[in-house]
Amino acid sequence: MFKKILAAVAAVFALTLAASAASATAGPDLSVTRVNYNAVGADTAANRWQEAIYLKASSDLSEPLDISGWKVHDTYANADGDHTNAYTFPAGTVVKAGGTVVVSSAAGVNKTDPNSTQVYYMDFKRGYNGHWLNNGGDTVYVEKAGGDQVTKLVYDFDNGYYVR
Ligand SMILES: [Ca+2]
Ligand SMILES: [Ca+2]
């Protein structure tokens, strides 16, 4: 009897190991690789451009990733539960395998060439002087147009200006 229980426990353990190994290799199609969350000095409207989120498409993609309508947002939600500190990628946003996309908290002209680092600007008036990535820690979420979560990055204040 005892042997049977041991065997059962071992089998469950082996299954768990196999499941975690599979999920470790798959990875999300798009990952948050860096968050510039704390502008140097006091956070003012003039230096909110230093806030940025870096996203990287998986190098395992067999074809370019269409992220049109995908959204990045933080933990903040208004009284209706809506994440209004958010940026939605415009129609036609495509990232090639291994490509990098930056979302900058500033006004600017989007750089949309998929053969180099793409930069999307959100002219942002919310948060504190337009700074919405909390210095003391926050979470950056990436969601598909329908709301399915692609990935997220949780960060804490680490006495620095960015996390990766
Ligand atoms: Ca600062
Ligand atoms: Ca925030």
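**Strands side by side**

Modeller: Let's start with one pair: Val-101 has Gln-118 in β8 as its bridge partner. Keep in mind that this is a predicted model, in which local features need pLDDT of at least 70 and side-chain atom pairs count only at pLDDT 80 or more, while totals for chains, interfaces and linings use all residues. Residues are numbered from 1 along each chain as its sequence is written, and chains are lettered from A and ligands numbered from 1 in the order in which they are written.

Helices (H or I, at least four residues) and strands (E, at least two) are DSSP runs, numbered from the N terminus. Two strands pair if DSSP finds at least two bridges between them. Strands of a sheet pair through backbone hydrogen bonds, either parallel or antiparallel.

Now back to our pair. β7 and β8 run parallel and are joined by four bridges. Val-101 in β7 is also the bridge partner of Leu-55, and β2 pairs with β7 over five bridges in the antiparallel sense. These strands belong to an open sheet of five with the order β8-β7-β2-β1-β11 and mixed pairing. β8 and β11 (162-163) are its edges; each has a single partner strand, so one side of each lacks a neighbour in the sheet.

What about the faces? In a regular strand the side chains alternate between the two faces of the sheet. In β8 (residues 118-121), Gln-118 and Tyr-120 form the covered face, while Val-119 and Tyr-121 form the uncovered one.

There is a second open sheet, with four strands in the order β5-β4-β9-β10 and antiparallel pairing. Its edge strands, β5 (86-88) and β10 (149-156), each pair on one side only. Look closely at β9 (residues 137-143), which three bridges join to β4 (residues 71-73), the two running antiparallel. Here His-73 has Tyr-141 in β9 as its bridge partner. β9 and β10 make a hairpin with five residues between them, where Gly-147 in the turn has a positive phi of about 100°.

β9 has two faces as well: Asp-138, Val-140 and Val-142 are on the covered one, and Gly-137, Thr-139, Tyr-141 and Glu-143 on the uncovered one. Let's follow Val-142. Two residues are in contact if their C-beta atoms, placed from the backbone, lie within 7 Å. Beyond its neighbours within four places in sequence, Val-142 touches several residues by that rule, including Leu-30, Val-32, Leu-55 and Trp-70.

Val-142 also brings us to the core. A residue is buried if 20 or more other C-beta atoms lie within 10 Å of its own, exposed if 12 or fewer, and partly exposed in between, with C-beta atoms placed from the backbone. A nonpolar core is a set of buried Ala, Val, Leu, Ile, Met, Phe, Trp, Tyr and Cys residues joined through C-beta atoms within 7 Å. The largest one has 23 residues, and Val-142 is among those with the most contacts inside it, along with Val-32, Val-35, Ile-53, Leu-55 and Val-103. At least two of the core's residues come from each of β1 (30-36), β2 (52-57), β7 (100-104) and β9, with β2 giving the most, four.
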